[in-house]
Amino acid sequence: MFLQKFLHDFYVPLTGISPRTQKLYEFTLASWGEFLGTPPTTDDLDMLVVAQFITHRTTTRSPATAAKDRAQIV
């Protein structure tokens with residue numbers, strides 16, 4: 001399942017996150033998709049895949065942004 005679909009169909013309705021927070025999650029998923037070369041799916045929720053993305057993010061963004069992305073994915 002695409003994580004974008006999971007976000008909209010399950011996570012947002014179940015948690016009631018704000019529209020701004022939803023947008024931040026969408027930015028994270030889009031960035032991860034750019035890194036993967038394809039939109040992230042539940043199959044990408046592997047520790048090694050996530051760690052590779054976060055390592056990449058620390059080279060292109062601030063450590064705080066990488067930490068935010070990690071927290072949102074995990």
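Four salt bridges are counted in this predicted model, a salt bridge being a side-chain nitrogen of Lys or Arg within 4 Å of a carboxyl oxygen of Asp or Glu. Side chains of opposite charge can pair when their charged atoms come close. Since the model is predicted, local features need pLDDT of at least 70 and side-chain atom pairs count only at pLDDT 80 or more, while totals for chains, interfaces and linings use all residues. Residues are numbered from 1 along each chain as its sequence is written, and side-chain values use heavy atoms, with hydrogens and water left out.

Lys5 forms a salt bridge with Asp9, and their closest N and O atoms are 2.5 Å apart. Both residues belong to helix α1, and because they are four residues apart there, about one helical turn separates Lys5 from Asp9. Helices here are DSSP runs of H or I with at least four residues, and strands are runs of E with at least two, numbered from the N terminus. How exposed are the two partners? Lys5 is partly exposed, with a relative accessible area of 45%, and Asp9 is partly exposed as well, at 37%. In these terms, buried means under 20% relative accessible area, exposed means over 50%, and partly exposed lies in between (1.4 Å probe, protein chains only).

Lys68 is partly exposed, with a relative accessible area of 27%. Together, Arg57, Lys68 and Asp69 are linked in a network of salt bridges.

Attention now turns to helix α2. Its 18 residues, 19-36, should span 26 Å at 1.5 Å a residue, and the end C-alpha atoms are 25 Å apart, which agrees. The expected span is 1.5 Å times one less than the number of residues. After α2 comes Gly37, whose phi is positive, near 85°. Which residues of α2 are buried? They are Gln22, Tyr25, Glu26, Thr28, Leu29, Ser31, Trp32 and Gly33. These buried residues pack against α1 (3-15), α3 (47-60) and α4 (63-73).

The axes of α2 and α3 come within 10 Å and cross at roughly 100°. Axes are lines fitted to C-alpha atoms, for helices over the stretch in contact, and angles run from 0 to 180 degrees between N-to-C directions. The contact (heavy atoms within 4.5 Å) is made by Thr28, Ser31, Trp32, Phe35 and Leu36 of α2 with Val49, Val50, Gln52, Phe53, His56 and Arg57 of α3.

Two residues of α2 can be looked at one by one. Ser31 is in helix α2 and is buried, with a relative accessible area of 18%. Leaving aside neighbours within four places in sequence, Ser31 is in contact with Phe53 and Arg57. Glu34 also has its place in helix α2, but Glu34 is exposed, with a relative accessible area of 67%.
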